Amino acid sequence: MKQNVKLIVKRLFYSYYNIYLILFVIFIIGLSSHHAFGSSRNLMNILRQVSILLILSVGQNFVILTGGIDLSVGSIVSFVAVVVVTLIPTYGTFLSILIGLSLGFAVGAINGLIISKFKIMPFLMTFCSYIIYQGFALLFGEGVCMNVYEPSYLKISASSVFGIIPATVAYSLIVFSVGALLLSRTIFGIGVYAVGGNEEAARLSGINTGPTKLLTYAISGFLAGLAAIILSSLLQIGHALMGVGYELDSIAAVCIGGTLLTGGEGSLIGTLGGVLIMGILKNIFNLQGISPYVQQIATGMIILLAVLFAKKKSK
Amino acid sequence: MREVRQNYYIEMQSIVKRYATNTVLDHVDFFVNKGEIHCLVGENGAGKSTLIKILSGIIQPNEGKIFMEGVRVKIDHPNTAHRMGISVIPQELNLLNKLTVGENVFLGVEPKNSLGLINWEELYRKTENQIYQEFGIKIDSRELIGDLSVSNKQLVMIARALQWGSKVLILDEPTARLSKEEIKRLFEIIRNFREKGNTIIYISHHLEEIKEIGDIVTVLRDGKRVITEKLQNLNLDKIIEYMTGKKKGTRVSLAKTVIEDETRKKKLLEVRGMLNEKVKNIDLDVYKGEILAIAGVTGSGRSEIARAICGIDHHEKGEIKLMGKKVKIRNPVDAIRNGIIYVPEDRKSQGIFLKMPVFMNILLNEKTLENLSTLGFYLMHVFKTTAQKFIDLLNIIVPSLDTPCLSLSGGNQQKVLLGKWLTVEPTVIILDEPTRGIDVGVKFEFYEIINKLAKKQNKGIILISSELPEIMKLADRILILKKGKVVKTYFKKNINEAELLQVITTVEEENETKC
């Protein structure tokens with residue numbers, strides 16, 4: 001009994017609060033390190049920057065909860081961005097977006113289909129997709145910067161809600177909320193945790209493990225498509241390399257957020273914390289004028305610390 | 001300090017092993033002479049495996065001493081046992097399937113050439129010669145272990161033990177998956193090994209085999225040694241009596257498996273000709289309010305029948321009728337929807353979601369989740385109140401509904417698992433080793449629950465168990481399996497525990513008797 005109480009306290013304490021504690025500490029460091037950090041303009045800037053990562057991390061979180069991994073999100077972002085930007089002049093904003101989202105969903109679903117049907121390791125499958133869609137992006141984008149001039153498309157990211165919240169932040173919050181709702185209040189969400197926690201038991205319980213996994217990859221692909229549209233609208237360009245690195249950033253954010261790579265345990269609230277930690281760190285580094293190379297080293301070390309921390313917690 | 005003793009080759013003295021409050025071995029003495037085939041028998045849970053694990057250094061005893069050739073030894077690691085020449089051939093052969101026969105035999109002791117590299121020629125030649133000389137058969141030493149038959153794998157395992165210079169060979173249920181011919185060959189090898197002055201410890205459920213091959217037998221019961229005696233002084237009935245602790249009554253002739261009042265009750269489940277790799281043409285019926293036990297030694301296909309019925313493993317042929325209506329079961333979902341549920345044997349790997357909270361575990365099956373939700377969405381309070389109902393019903397002790405199952409005791413985890421399946425209001429419940437690894441107190445609680453489910457709620461229950469007292473306590477009818485076939489069916493009143501044990505361990509495959 002005493003042990004149980006201790007365990008509950010431990011879980012509550014460790015699961016999210018620590019992530020937000022770390023976030024808080026980093027925030028204080030940020031405030032004391034540079035006068036511009038605390039300005040509302042800078043904070044909004046951080047939020048705008050992390051919104052893309054948050055959208056991708058939500059998808060990644062679904063996949064990782066099932067015990068899988070999606071290495072292809074970055075390539076899908078590049079691929080979809082290039083395709084959408086190419087299509088806008090002929091098909092118009094609305095149709096192009098629709099095609100872009102469907103494309104993201106479809107390539108994600110293909111990942112999921114092959115993984116669940118042929119029992120290919122998620123790492124291998126999405127690694128192949130990562131290469132393939134990067135190739136497609138280069139093929140369609142020809143490696144050049146394609147400018148977007150269509151005003152209705154640029155408006156996607158330029159508008160704001162109530163005049164204060166940037167549209168991109170609003171999109172990411174909607175994605176986050178819908179994702180959280182799916183995970184915590186639907187049968188599908190239970191299936192995601194069940195498959196990741198104990199796939200054989202899930203199968204014996206009558207959970208359709210294949211479709212559940214497939215859907216998580218499709219969600220991840222769809223959100224990569226959405227991120228591609230927002231990103232290309234924000235930057236006003238389409239480029240075949242614009243998604244590079246996002247797959248690793250999203251995996252890092254999910255890990256820092258306390259979701260286990262083995263699946264079955266974790267939450268979107270943690271991932272939100274992970275995303276914010278990554279974004280704020282990057283902002284502090286930039287304000288300090290630290291070189292991107294050093295940033296990379298620091299980011300890697302921070303992820304390692306987070307994983308070590310998670311390991312200690314699970315003991 | 002060196003305590004020196006005489007007489008026995010291996011002497012395990014007053015061994016005690018406890019797990020928490022559970023005493024598995026209670027001051028057991030186990031003495032083995034050099035050059036004998038010493039059999040170790042006992043019912044499931046008697047402590048045979050624990051004793052062997054201690055002798056082979058896998059686990060440590062709480063009390064007791066071990067002497068080898070009169071010298072006190074401490075076997076604190078499997079490697080220590082190897083160095084002393086003790087090798088175990090376990091039931092699940094632990095060879096490296098992706099390596100060749102030769103590589104397996106010489107693993108860690110590979111012959112080297114002058115450059116210090118492995119001399120492959122010599123390795124493969126030596127392996128083939130050795131296997132041929134010792135066992136008189138030819139095995140291609142370049143073949144992958146994974147491609148060999150079970151029986152040949154076993155030979156490779158023995159060859160490896162000999163390569164290590166083993167003088168004591170411990171065989172755990174070596175014949176479970178062998179054909180008659182292969183058993184004969186194995187016995188010859190064992191006898192040869194003995195002729196060279198080596199020692200064999202032989203564990204088996206098959207008493208007839210023990211009678212055939214053994215010199216001396218030690219019988220364990222409930223963690224205590226009952227007797228060590230020369231096999232020539234014992235007959236099968238006597239051994240069984242020692243194993244069960246019960247005197248065998250007047251022997252019921254095996255032919256007396258009469259079909260008793262066929263019309264008595266409503267048939268719930270009817271399985272005909274169930275066939276796949278592990279299950280051979282199984283017919284079985286379960287009646288309303290009946291507890292049908294399935295008994296058989298390990299590897300007889302007990303769980304496999306259940307898995308085939310519930311659509312977990314596929315079946316090539318077979319017909320399932322539920323209350324007279326034919327149903328198609330191709331996957332677990334079909335089984336659940338038809339009210340046939342399987343509570344698996346290995347709860348940690350197949351049943352429980354350890355990291356998920358208790359209430360979720362209780363509801364986590366396709367049918368219940370669907371019933372409690374609308375369009376895939378659910379309300380937390382609906383979930384929690386439903387789960388609470390079953391927690392109260394089964395008297396599950398949990399600190400809170402949100403506690404992860406990880407922190408529950410084995411008994412409570414098992415109750416959660418049972419509760420989860422009761423939420424679907426099943427017609428037929430298949431329980432696979434429902435009380436394994438559970439405290440005695442909770443065990444009896446389970447017996448009551450199982451009895452109530454059958455007698456009060458008129459469910460049909462299939463009870464798969466390796467514990468005969470449990471079967472004798474609960475079952476109405478007992479099905480006996482051997483190598484995936486039903487060999488006998490008994491009404492409980494026609495058989496006692498000792499006879500049951502005899503039938504399970506000795507009956508040869510006969511034409512199946514239908515019930």
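This is a predicted model: local features need pLDDT of at least 70, side-chain atom pairs count only at pLDDT 80 or more; totals for chains, interfaces and linings use all residues.
**View 1. Helices H5 and H9 of chain A cross at roughly 100 degrees.** H5(A) covers residues 151-158, and H9(A) covers residues 209-235. Their axes come within 8 Å. Angles of 65 to 115 degrees count as roughly perpendicular, so H5(A) is roughly perpendicular to H9(A). From H5(A), the contact uses A:Tyr153, A:Leu154, A:Ile156 and A:Ser157. From H9(A), A:Ile229, A:Ile230, A:Ser233 and A:Leu234 take part. Six of the contact residues are nonpolar and two are polar. None is charged.

**View 2. Chain A meets chain B.** The contact draws 24 residues from chain A and 27 residues from chain B. H7(A) gives the most, with six residues. By residue class, the chain A side holds 12 nonpolar, eight polar and four charged residues.

**View 3. Helix H5 of chain B is mostly covered.** This helix spans residues 150-163. Its 14 residues should span 20 Å at 1.5 Å a residue, and the end C-alpha atoms are 20 Å apart, which agrees. Of the 14 residues, 10 are buried. Among them are B:Leu155, B:Val156, B:Met157 and B:Ile158. The buried set also includes B:Lys153 and B:Arg160. The cover includes three helices of chain B, H3 (101-105), H4 (120-135) and H6 (180-195). Strands E6 (86-89) and E7 (168-172) of chain B are also part of the cover. B:Gly165 follows H5(B) and has a positive phi, near 80 degrees.

**View 4. Four strands of chain B form an open sheet.** The strand order is E2-E1-E4-E5, with antiparallel pairing. E2(B) (22-32) and E5(B) (71-73) are the edge strands, and each pairs on one side only. From one strand to the next, the twist averages 30 degrees. E4(B), residues 63-68, pairs with E5(B) over three bridges in the antiparallel sense. B:Met68 has B:Val71 of E5(B) as its bridge partner.

**View 5. Helix H15 of chain B is mostly covered.** H15(B) runs over residues 410-422. Its 13 residues reach 18 Å from first C-alpha to last, close to the 18 Å expected at 1.5 Å a residue. Buried residues number 12 of 13. They include B:Val416, B:Leu417, B:Leu418, B:Trp421 and B:Leu422. B:Lys415 and B:Lys420 are buried too.

**View 6. Strands E19 and E20 of chain B form a hairpin.** E19(B) covers residues 477-482 and is joined to E20(B) by six bridges. The two strands run antiparallel. Two residues lie between them. B:Lys483 sits in the turn, with a positive phi of about 45 degrees. B:Lys482 has B:Lys485 of E20(B) as its bridge partner. E20(B), residues 485-491, is mostly covered, with five of its seven residues buried.

Terms used
Residues are numbered from 1 along each chain as its sequence is written. Chains are lettered from A and ligands numbered from 1 in the order in which they are written. Axes are lines fitted to C-alpha atoms, for helices over the stretch in contact, and angles run from 0 to 180 degrees between N-to-C directions. Angles under 35 degrees count as roughly parallel, over 145 as roughly antiparallel, 65 to 115 as roughly perpendicular and the rest as oblique. Two residues are in contact if their C-beta atoms, placed from the backbone, lie within 7 Å. Ala, Val, Leu, Ile, Met, Phe, Trp, Tyr, Cys and Pro count as nonpolar, Asp, Glu, Lys and Arg as charged, and the others, Gly among them, as polar. The expected span of a helix is 1.5 Å times one less than its number of residues. A residue is buried if 20 or more other C-beta atoms lie within 10 Å of its own, exposed if 12 or fewer, and partly exposed in between; C-beta atoms are placed from the backbone. Two strands pair if DSSP finds at least two bridges between them.
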